[in-house]
Amino acid sequence: MIWTLALPELVLAVSGLVILAAGVIPKRETFFPVSMACVGALLLAAMLVLGQAEGTALGGHYVSDAFSGFMKFLALSAAAVGILLSLDFNEREGTARFEFPVLMLFATLGAMVMISANDLLSLYLGLELLSLPLYVLAAFNRDNGRSAEAGLKYFVLGALASGLLLYGSSLVYGFAGTTNFDRLGEAFSEPNGISAGVIVGVVFVITGLAFKVSAVPFHMWTPDVYEGAPTPVTAFFASAPKVAAIALLARVLLGPFGDLVAQWQQVIVLVSLGSMILGAFAAIGQRNLKRLMAYSSIGHVGYALMGLAVGSDIGLRGLLVYMAIYVFMNLGTFAVLVSMRRAGRSVEGIEDLAGLGRTDPVTAMWMAVFMFSMAGIPPLAGFFGKLYVFLAAVQGAFWTLAVVGVLTSVVSAYYYLRIVKVMYFDAPIGNLDRAPTSLTMVMAGTGLFTAFFALWPAPMLAAAQAAAAALLG
Amino acid sequence: MNAAGFPLLSLVTFLPLAGALIIMSVRGDEEVVARNARWTALWTSLIVFLLSLILWARFDQSSAAFQFEEKLAWLPEFGVGYHMGVDGISVLFVLLSTALTPLCILASWEAIGTRVREYMIAFLVLETMMVGMFAALDFIVFYVFFEAVLIPMFLIIGVWGGPRRVYAAFKFFLYTLLGSVLMLLAILYLWYNAGTTDIPELFAQAVPRSAQTWIFFAFLASFAVKVPMWPVHTWLPDAHVEAPTAGSVILAGVLLKMGAYGFLRFTLPLLPEATATFAPLIFVLSVVAVVYTSLVALAQEDMKKLIAYSSVAHMGIVTIGIFTLNQQGLSGALFTMLAHGVVSGALFLCVGVLYDRVHSREILRYGGVAGIMPAYAMVFMLFTMASVGLPGLANFVGEFLVIVGAWKVNPWVAFGAATGMVLGAGYMLYLYRRVSFGKITRDDLRMLLDLSPREYVVFAPLIVLTLWMGIYPQSFLSFFEVSVAALVQRHEAALGAARLAGM
C-alpha cells in the first residue's frame, strides 16, 4: 500500500476540494481566481507527474510507468489550456461560474485515474469520474436549448456505454476470475485461458471505450454534442478525455488482453477504417465549424487507432505521437473557434470566417497553419503524426489501412482547404471582433508548436518511445 | 564540410524565409508595406541568387558524387537525417529556381496590387521549398519540401488568380496531394526495408524485385501528376490559366520539373528492373501526351492555355528522354527541362505583358501587336522560335538529343517525339501570327505602350540564357554529363546483376 506513488492524483484531488471550498465562501463571483488556481493545480500535478516514480500501488489498482506519465502530462497540459480557452468565453456568455474550472479539474482527475488504471474496477471508477463532470459541462449553458440537449444526449448515450463497459468487465471477471490487469494477462497467456466468454467481454469493453473516443460505429453522439456544448467545453472534450480514453484502450488491449491480439485486432482495424472513412466524407457537407471539427475528430481517432491496430511498439509510438500532436493543433483550432464573435455574439459558421485573411491576418494565419496541419501537409506537425502511424501500418503490412488512410487524408484535405479558401479567397463580410489576449496566446503557442515541430521532433519521439516500451515490456 | 567551407545549400534554401520574416514584421500603411515588401523580396531573392552562383563556380564537373554536402542528425535512431547536397543532375535546377524567383518578383511589381505583403511572403516561402526539394538528400526531407510547395502555390493561385481561381487551386492541390500520398507509402516501405531514408545509402541497397513494381507505380502516381503526363495533366491548364503571371512562370519553370526530377533521382536508380520493364508504358503515355496535347494546343483560344498544353507536350519529350536510359536521352531530357524552364517561363511572361495592358488572354482579342509594340514582338518571337525548337536557341539541343536517344531504343518513339516538334511549330507559329501580325482591328490596342524598362530587365536575362543555351550548350551539358554517365552505368550494372541472379 504505497499510496505516495499516486501523489499527482492526490494533490490534484485535494487541491480541487480546497479550490471548491474557497470558491464558495466569498460573496462575489470567483470565476477568474478559481480558474487560475485550477490551472495552477493542473500544472503542479503535471510537474509531479514528470517526477513520478514507477511501480504499482493501492493494492495493484494503480500503476505508474513511462506510458502513464506521457499520457497524463498530455492530458494535464491539455486541460490547463482548455481552462484558458474558457476564461473570456464564459465571461461574455454569462456562464462565468466558478464551478466550471473545478468540473474540468475533476474530469481531468478522472482522466488521470483512467490512464493509471491497472484494474477493471479502477478503470471504471476513473471513467465515471471523467464522465460525470463532462455531462454537466456539456449542459453548462443551461438556459440554452442546444446546450441542454447536448448534455442530455451525452448523458444517455454515455450511460449506455458505461453499462456496456461494465457488462464486458463482469464477463471478463466471470471467466478469468480476476479484475487485475497483471493477473488477467497471466491467465490469458495460458493455452486454454481464452474462452468465448472472455472474447465477448473484451468486445464489450472495446465498445464502451470506442464510444468515449467517438470511433465509428459509436460516434453518433459526437456531432450533436460538439455542436451543442459551449465551445470551450467542446475543445476540452476533444483533448483530455480523448487522450485518456485512447490511453486506456491501448493499455487494456496491449496489456491484459495482449495475448488476444488475434481476436481484437480485426475489431480495431474495422473501427479505424470506419472512422477514417466517415470522418473524411461526412465532414464535407458541414457548414457549422464545430460540427465539422466533430467529424474531423472522428477521422483523427481513426488514424490514431491505426497505430493501435498494428499492435507493435512502432504502432503504439505512432499512436502516442499522433495524440500529442493532435491535441495541441486541435486546441489551437478551437482557440480560433472560441474567439469568433461578431458584435459580441458568438458565431460558428464556416462562412463567418470569410475574408479573415484581410480583417485579422494573424488569427487567419494560425488557423491556416492548423488546417494544413490537420490535412497532414508537411512541414507542419500533423504530417509527422500521420507519418509515424503510416510507418507502423507499412511495417506491419497492413496495406488496406495504409492505403485507405492516405486516400481519406486526401478527401479530408478538401474540407480543411475549404476553410483556408473561405478565409483567404473570399471577400470579407464584416469584421470579427478582436480576439482576447488569452486566446491569442493559446493560438500563438499551439501554432508555433504546430509549425515548428519538425525542427526538433527528437525529444517527443524519445518520450513516446519510452512510453511504448513501458507498455509492451 | 564542403567545397564552399560553409553550409551554402542550407543558406540558399532558408535565406528566403528570413526575407519573409522581415516582410512580416513591416508595419505601416498599405502603401509603405507594399513598397517595402517588394524591395525586401527582390533583394532577398537577388542575394540568394548571387549565393547560388557560388554553386555554379565551385561545382566540380568531373565528379558524379554529391557535393556541398551537409549532414545533421535529426532523428538518428530512425535513420532520418537532415542531409543536403547536389550532384550534376540537381545543381542546375537549384540555379534555375533561384534565377527565376527574382524575375517573378520583378514581373509582379505592378501586376500585383492587392495584399502585396502576403504575395511576396508566399513567393519567398515557395523559393525555399523549391530549392530545398532539389537539394534534399534524405527521402523524408525531400518529401517534406515536395509537399510543402503545395501550400504557397495554393495560396498564390487562389488569392491572386483569375475568375475560376478557387476551382483551379483546389484541383491543383488535391490532384497533386493524391499522387504524393501514394508515394509516401512507397517511401515508408523503402524506409522500413532499408532502415534509413538517406538517399545515397538507399542507392546502395537493392529493392526486392517483387516490391519494385508496386513502388514504381506509387512513384509514378506522384511524379506523373507533377510532370504532368497524359492522362493526369488536366489540372495544369486550369492552374496556368487562373494563376497570376509569376505563378505560371514558377509553375511551368520549376514545379513541373519536380516530377521529372523525381523520376531521375528516385525511380531510375532505386528501381532499375521495374524501370526497364515499364519503360514502354511510359513511352506510350509520353507519345500520346506529345501528339494529343499538341493537337489540343492548336485548338486553344486562350494564350495561357495554349502554352500550358505546349508544356505538357514538352514534358512528354522529357519523360521519353528519361526512360531511354542512355546518355543522349537522359542528357537531352535534362537539357530540355532547363530550356523549357527558361523558355516557357518567358512565354508566360510575354503573355503577362499583354495581359497587364489589355486584361485579356484571348488570342482573337489581339492582332497586329507587332506594329504597335515592335520590341515586344521581337522578344515574343525569339521565345516562340525557341519553343518551336529552332537551332541556335535553347530547346533545340535538348529535343534533338532526346530524339537521338529515343531512336536507339525504338525509332517509333523517336518518330512520336519528332511529330510533337512539328506540331509544336504549328501551334506556336499560329499563335504568333494571330497575336502579332495582321491588321489592327481594335482601337484600344493602338494605345498600347511598348516594353517598360522594368520589363526589359525581366526579359534580358532570359534572352541571354536562351541564346547561350542554344549557341554553346556545352557549358550546361558539362555539368551533368558525368552524373548521367554514372546513372546509366549503375542502371546497367543493376540490370546485369538482376539477370545473373535470375539465371
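**Figure 1. Chain A in overview.** Chain A of this predicted model has 20 helices and four strands. Both are DSSP runs numbered from the N terminus: helices are H or I with at least four residues, strands E with at least two. The C-alpha atoms of chain A fill a box of roughly 70 × 55 × 40 Å along the principal axes. Of the 473 residues, 64% count as buried. Buried means under 20% relative accessible area, exposed over 50%, and partly exposed in between (1.4 Å probe, protein chains only). Chain A exposes about 15,500 Å², and carbon and sulfur atoms supply 68% of it. Areas come from the Shrake-Rupley method with a 1.4 Å probe.

Residues are numbered from 1 along each chain as its sequence is written, and chains are lettered from A, with ligands numbered from 1, in the order in which they are written. Local features need pLDDT of at least 70, side-chain atom pairs count only at pLDDT 80 or more, and totals for chains, interfaces and linings use all residues; side-chain values use heavy atoms, without hydrogens and water.

**Figure 2. Chain B in overview.** Chain B has 20 helices and two strands. Its C-alpha trace spans about 75 × 55 × 40 Å along the principal axes. Of the 503 residues of chain B, 66% count as buried. Contacts here are heavy atoms within 4.5 Å. Among those in chain B between residues at least 6 apart in sequence, 81% join residues at least 24 apart. For residues 136–422 of chain B, an unreviewed UniProt entry lists "domain: NADH:quinone oxidoreductase/Mrp antiporter transmembrane". Such annotations may be inferred rather than shown by experiment. This span is 82% helix and 0% strand, and its end C-alpha atoms lie 37 Å apart.

**Figure 3. The B:Trp39 and B:Trp109 pair.** Over all chains, the structure holds 61 aromatic pairs. Rings of Phe, Tyr and Trp (its six-membered ring) pair if their centres lie within 6.5 Å; planes under 30 degrees apart are stacked, over 60 edge-to-face, and the rest tilted. B:Trp39 and B:Trp109 are edge-to-face because their planes stand at 80°, with ring centres 5.0 Å apart. B:Trp39 sits in helix α2 (residues 30–58), and B:Trp109 in the loop between α3 (88–107) and α4 (116–135), 70 residues apart. B:Trp39 is partly exposed at 43% relative accessibility. B:Trp109 is buried at 14%.

**Figure 4. The B:Phe154 and B:Phe173 pair.** This pair is edge-to-face, at 5.2 Å centre to centre and 70° between the planes. B:Phe154 belongs to helix α6 (residues 150–160) and B:Phe173 to helix α7 (residues 165–194), 19 residues apart. B:Phe154 is buried at 0% relative accessibility. B:Phe173 is buried, with a relative accessible area of 0%.

**Figure 5. A phenylalanine cluster in chain B.** One aromatic cluster includes B:Phe139, B:Phe142, B:Phe146, B:Phe216, B:Phe217 and B:Phe219. Also among its members are B:Phe223, B:Phe263, B:Phe266, B:Phe278 and B:Phe323.

**Figure 6. Charges over ring faces.** A charge sits over a ring if NZ of Lys or CZ of Arg is within 6 Å of the ring centre and within 35 degrees of the ring normal. In chain A, A:Lys386 lies over the face of A:Tyr303, at 4.7 Å from the ring centre. In chain B, B:Arg490 lies over the face of B:Phe203, at 4.7 Å from the ring centre.
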